Amino acid sequence: MIKRVIARVQTLFKRKPKRAGREPKRIPAAEHSINRELVSRSALRVCESLQKAGHRAYIVGGAVRDLLLDIAPKDFDIATDATPEQIKSHFRRAFIIGRRFKLVHVMFGQETIEVSTFRALVNVDRLIDEHGRVLSDNLYGEQNEDSARRDFTINALYYDPTTGEVLDYHEGVKDLRARRLRMIGDPAERYREDPVRMLRAVRFAAKLGFAIDEATREPIHRMADLIENVPAARLFDEMLKLLTSGHAVACITRLRAEGLHHGLLPLLDVILEQPAGERFVMLALSRTDERVRAGKSISPGFLFATLLWNDVLVKWNARLANDENRIPALNLAIDETIDAQTEKLAIQRRFVADMREIWGLQPRFERRTGRSPLRLVEHLRFRAGYDFLLLRSAADEMPVALGDWWTRFVQASPEEREQLIVEAASEKGSTPVAGVGTGTRRRRRRRGRTGDGAASGASSE
Ligand code: ATP
Ligand code: MG
């Protein structure tokens with residue numbers, strides 16, 4: 001009870017000064033270089049319709065930041081003084097989403113424009129009683145309050161596509177020009193409110209090549225552990241954004257510099273601290289970055305399979321050292337890895353299924369006799385397993401010759417495939433033997449002797 005009273009008093013104190021109304025800096029079209037060609041037509045339509053109905057409506061957030069940097073935004077968010085119900089009434093395909101704070105998704109073909117009502121500065125939790133009843137209708141606020149709730153100054157700019165004006169409440173344009181990431185308000189307090197902002201700081205700095213302002217950067221290393229309190233599903237979403245940003249290598253390098261990798265995937269720190277594991281992970285991430293930048297799709301299952309592979313290897317090796325059978329040992333190692341991760345990071349079930357298959361297929365690439373390769377190549381997940389194998393050989397974990405053989409096999413005619421199988425059979429040691437952990441460098445020198453060490457490498461160097 002007392003807590004609630006204190007919370008309400010705090011709320012009142014917090015709101016008053018902001019309500020007093022800060023005027024934004026207004027930057028006319030002539031003073032910035034937003035290329036209107038980069039603005040989505042759907043976003044323009046949403047703004048125009050709302051404005052015609054007498055509301056204010058602006059493109060906001062990452063899209064404005066990117067437009068000012070002459071980067072094509074990947075999606076468009078709009079902020080308005082219209083309520084969700086009013087917003088919805090103006091569009092044919094519009095859906096109200098969210099329970100506590102409602103937003104509207106306006107759909108145009110494949111594109112979704114997220115439209116939200118200016119938010120008040122108060123914390124939603126304080127306005128809802130223990131039965132979930134909304135105690136106040138002040139969830140919605142003024143534009144300056146909306147801007148103060150946002151994370152970084154460069155993410156708090158509003159662009160009116162009709163007038164071409166940019167509204168800037170927090171010197172965001174100045175920071176953008178100085179290529180600096182600066183938190184709005186007191187950084188430590190903002191990280192305590194939402195620790196994900198630390199990950200966002202790292203992601204934006206890496207993506208944009210910006211410096212993190214000292215006051216914004218300083219609390220991160222001491223507050224990094226707060227990330228442990230973030231719900232697993234949200235952490236997963238954020239990790240996925242980071243890893244698929246096209247700048248994953250830069251992000252991971254930076255996370256490490258900030259001491260944040262410990263709080264992320266529970267084992268990412270362990271992986272990165274093992275030189276062989278790091279080589280594999282970094283190679284995987286730089287390939288992912290290349291794909292993203294070339295506009296190609298990437299598979300989260302594959303990506304997480306690469307991140308956690310070293311952990312599977314370590315566990316598999318430990319079991320093999322215990323004289324367990326090779327394949328059951330691998331399956332148990334996979335279970336252990338998945339269990340340890342999903343507790344912390346809610347990797348979605350469909351991605352987990354992909355990971356299991358990619359890992360489970362690996363020993364089958366070493367069996368190149370009889371019908372095995374012909375059956376494997378028909379497997380639904382062959383392509384992902386094969387790509388994973390190529391990555392392992394590029395990372396020096398498997399013999400390059402094995403990857404090459406499969407590449408030839410994939411491209412070969414049925415007759416050539418028979419011939420390749422005969423060739424493989426004539427190579428010494430082409431049947432796998434249990435036992436993991438022979439140094440890969442040694443094996444690489446003996447090109448062609450592929451099946452002698454199973455899943456060696458990353459864990460043994
Ligand atoms: P991108 O979409 O390129 O990753 P973005 O800045 O658009 O970057 P979103 O997650 O789409 O990021 O969020 C849109 C906007 O919402 C942000 O620009 C920011 O203003 C605000 N925002 C998002 N997450 C937070 C947060 N955790 N705390 C405060 N504001 C946030
Ligand atoms: Mg965005």
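Here are a few friendly notes on the packing in this predicted model.

1. Let me start with the main core. The largest nonpolar core holds 94 residues, and Ile59, Leu243, Phe304 and Trp359 have the most contacts inside it. Helix H14, residues 300-321, contributes the most to this core, with 10 residues. Both domain 1 (1-178) and domain 2 (300-426) supply at least three residues each to this core.

2. Trp359 deserves a look on your screen. Setting aside neighbours within four places in sequence, Trp359 is in contact with Phe304, Ala305, Leu308, Trp309, Val312, Leu330, Ile334, Thr337, Ile338 and Phe388. A second, separate core has 17 residues, including Leu374, Leu376, Trp406 and Leu420.

3. Next, a helix pair. H8 (residues 196-208) packs with H11 (residues 248-257) at an angle of about 130°, and their axes lie 9 Å apart. The two helices are therefore oblique to each other, and the crossing of H8 and H11 is right-handed. On the H8 side, Leu199, Val202, Arg203, Ala205 and Ala206 take part, meeting Ala250, Cys251, Arg254 and Leu255 of H11.

4. Finally, a cysteine. Cys47 sits in helix H2, residues 41-52. Is Cys47 buried or exposed? Its relative accessible area is 0%, so Cys47 is buried. Beyond neighbours within four places in sequence, Cys47 is in contact with Ala57, Tyr58, Ile59, Ile78 and Pro161. Ile78 is 31 residues from Cys47 along the chain, with 7.6 Å between their C-alpha atoms.

Definitions and conventions
Residues are numbered from 1 along each chain as its sequence is written. Chains are lettered from A and ligands numbered from 1 in the order in which they are written. This is a predicted model: local features need pLDDT of at least 70, side-chain atom pairs count only at pLDDT 80 or more; totals for chains, interfaces and linings use all residues. Side-chain values use heavy atoms; hydrogens and water are left out. A nonpolar core is a set of buried Ala, Val, Leu, Ile, Met, Phe, Trp, Tyr and Cys residues joined through side-chain atoms within 4.5 Å. Buried means under 20% relative accessible area, exposed over 50%, partly exposed in between (1.4 Å probe, protein chains only). Helices (H or I, at least four residues) and strands (E, at least two) are DSSP runs, numbered from the N terminus. Domain bounds come from an automatic or database domain assignment. Contact means heavy atoms within 4.5 Å. Axes are lines fitted to C-alpha atoms, for helices over the stretch in contact, and angles run from 0 to 180 degrees between N-to-C directions. Angles under 35 degrees count as roughly parallel, over 145 as roughly antiparallel, 65 to 115 as roughly perpendicular and the rest as oblique. A crossing is left-handed if the near helix is turned anticlockwise from the far one by less than a right angle, and right-handed if clockwise.
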